[in-house]
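Dear colleague,

I am handing over the structure we talked about, and you will find its sequence and model just below.

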Amino acid sequence: MNRREQADVVVVGARVAGSPAAIELARRGRRVVVLDSSTFPSDTLSTHVVFPALTAELAALGALEPLLATGTPKQPKVLINHGGIDVHWDYTPVDGYDFGMCPRRTTLDGVLVGVAREAGAEIREATKVTGLEWTAGRVSGVHYKDREGNTGTIGCKLVIGADGRRSTVASLVGSAVPYRRDENGRGLVFMYVDDPYPAESEERSHLFQWRVGDTLGMYFPTCDNGAVVLFMPPREQVNWFGQDLVHWNERLEAYPMLKERIAGGAPRTKLRKASDPFSYFRKSSGPGWALVGDAGHFKDPVIAQGIRDGVHYGRKLGQAAAAALDDPRWLDRALFDWELARDRECVISYHFALRLSKTHSISPVELEIWKASEHDPERARRLGDAFGRTLSPEKFLNYPDLITWTARGFLDRRQSNRDVLGDVTRELSTKARLYRDLARIQRGKRLLPRNWEAWGGTKPIPPEKLTADHVAPRQPQRSDLARDEGELARASANGVHPAPTLEQAS
């Protein structure tokens, strides 16, 4: 049976980007249908960390209290050790919230889906998008198939793709290949463990990070008296880690403070890993469609901003679209303005993440940054706010301080002048690229392409000049659908729909 129905907006993907968009639209009286191939609760790869700015966003959505009720601990404090230097910080409050959290995605996504339902959005789980409907060059509907094999079409004024790195919507509108792509140096390897400390203990109020050589080791207390243990090594080393835990345990010996914090906590899961979390920008809006969360933009997980950007820009997209849905030209302008606003902020943290994604032992200028923050609580807090996005990283990495840290690096006889000069050269080069990007956005244009394959290997068309004539809508291939349907069938047989790849994460 091929059923046909009508909605104002169809959101594809119900996790941390899709549910907030649906909540804002539904609260403004719009009929919203959310389709997701998963069933909830279900897991997905994530760096988990929530900073105070996101805590405030969750409170505004009405999701904070339900999340805290699950036993997710408040975490107002951070301890980071780089180069043997301990830096402690707490956060500048955002709307009165001075704590972060580290919920498991099974918990967080489930809470957001519940809030979206309460707001009036219709959530359809285990439902796969199979194509888009086009009318006069605009997306005008979605074709789908549910778990029982029923098919249908939902006509709509807007389709929002919030379906992750391997976004079906991005493929169907011709935007799957990023026009800006940068390779990240780090991969992810993590597992969940039992936390040996009681739920209300001081130890569970901290996030921890240690750096040894070129690898970051982290400990994040999470819900259900558990924790995430995470290594971020050079990406080429990710495959060294096997389920026999031989290399995991060898690596753990180099992190005595991390090993002490684990304190024999038993593993709850197998290792999970990802070796190619490249960063990108995709064209994220067009006639009748938009991409939000990882579907449109992704930064290195080292700065843990994927959840924040999914929620924040999902909310902003819902707010912008709700008022403009009844006028196609106004809607397209609102979507493009939303995209540029996202890029204007995200390009700063994008370059910040690329700095931190470089895998090497701590460099001379980095060492001076940590030394300057060790005994200066206000500077340490500013560093934390730069990670939490309540302070621009560029305001923390300002020229006067960089000059001071560089001079101290030259005066430290233990450091090589060549290494200090290398630090300065890389930083100036990064700032030049960033300011060029910001100037282009300020002129109302998308970022310059850095991936010619996105335009067929020929001279790239500026993203703002792309039209439906340049990118023909692509239907999913039979092999894609067979693979996805097979995964859905296996998951349904097990009673849960897992999402084990980074490409599906937000």
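**Strand S4 and its partners**

Strand S5 (residues 85-90) runs antiparallel to strand S4, and 6 bridges join the two; strands here are DSSP runs of type E with at least two residues, helices are DSSP runs of type H or I with at least four residues, and both are numbered from the N terminus. Two strands are said to pair if DSSP finds at least two bridges between them. Before going further, please keep in mind that this is a predicted model, in which local features need pLDDT of at least 70 and side-chain atom pairs count only at pLDDT 80 or more, while totals for chains, interfaces and linings use all residues. Residues are numbered from 1 along each chain as its sequence is written, and side-chain values use heavy atoms, with hydrogens and water left out.

Within this pair of strands, Asn 81 has Asp 86 of S5 as its bridge partner. The hairpin that S4 and S5 form has 2 residues between the strands, and in it Gly 83 takes a positive phi near 60 degrees. S4 also pairs with strand S13 (residues 206-212), in the parallel sense and over 6 bridges, and there the bridge partner of Leu 79 is Phe 208. S4 itself, which spans residues 77-82, is mostly covered, since 5 of its 6 residues are buried, where buried means under 20% relative accessible area, exposed means over 50%, and partly exposed lies in between (1.4 Å probe, protein chains only).

**The protein as a whole**

The protein has 15 helices and 20 strands, and of its 506 residues, 59% count as buried. Its accessible surface comes to about 20,300 Å², of which 52% belongs to carbon and sulfur atoms; such areas come from the Shrake-Rupley method with a 1.4 Å probe, and for residues only the protein chains shown count as cover. Among the contacts with a separation of 6 or more, 75% are between residues 24 or more positions apart, a contact being heavy atoms within 4.5 Å.

**The open sheet**

An open sheet of 6 strands has the order S6-S3-S2-S10-S19-S18, with mixed pairing. Its edge strands are S6 and strand S18 (285-286), each of which pairs on one side only. Strand S2 (residues 9-12) runs parallel to S3, to which 4 bridges join it, and Val 9 has Val 32 in S3 as its bridge partner. S2, helix H1 (residues 18-27) and S3 make a right-handed β-α-β unit; right-handed means that, with the strands pointing away from the viewer, the path from the first strand over the helix to the second runs clockwise. S3 also pairs with strand S6 (residues 122-124), in the parallel sense and over 3 bridges, and Val 33 stands opposite Glu 122 there.

Which residues lie on the two sides of strand S3? Val 32 and Val 34 are on one side, Val 33 and Leu 35 are on the other, and all of them are buried, so that both faces of S3 (residues 32-35) are covered. In a regular strand the side chains alternate between the two faces of the sheet.

**The nonpolar cores**

The largest nonpolar core has 61 residues, of which Leu 58 and Ile 160 touch the most other members; such a core is a set of buried Ala, Val, Leu, Ile, Met, Phe, Trp, Tyr and Cys residues joined through side-chain atoms within 4.5 Å. Helix H9 (residues 328-357) gives the most to this core, with 11 residues. Apart from this core lies another, of 41 residues, among them Leu 45, Ile 80, Trp 370 and Leu 383.

Helix H8 (residues 306-322) has 17 residues and reaches 24 Å from its first C-alpha to its last, close to the 24 Å expected at 1.5 Å a residue, where the expected span is 1.5 Å times one less than the number of residues. Because 13 of the 17 residues of H8 are buried, this helix is largely enclosed by the rest of the structure.

Arg 261 lies in helix H7 (residues 256-262). Is Arg 261 buried or exposed? Arg 261 is buried, with a relative accessible area of 5%. Leaving aside neighbours within four places in sequence, Arg 261 is in contact with several residues, including Asp 195, Glu 203, Phe 208 and Trp 210.

With best wishes
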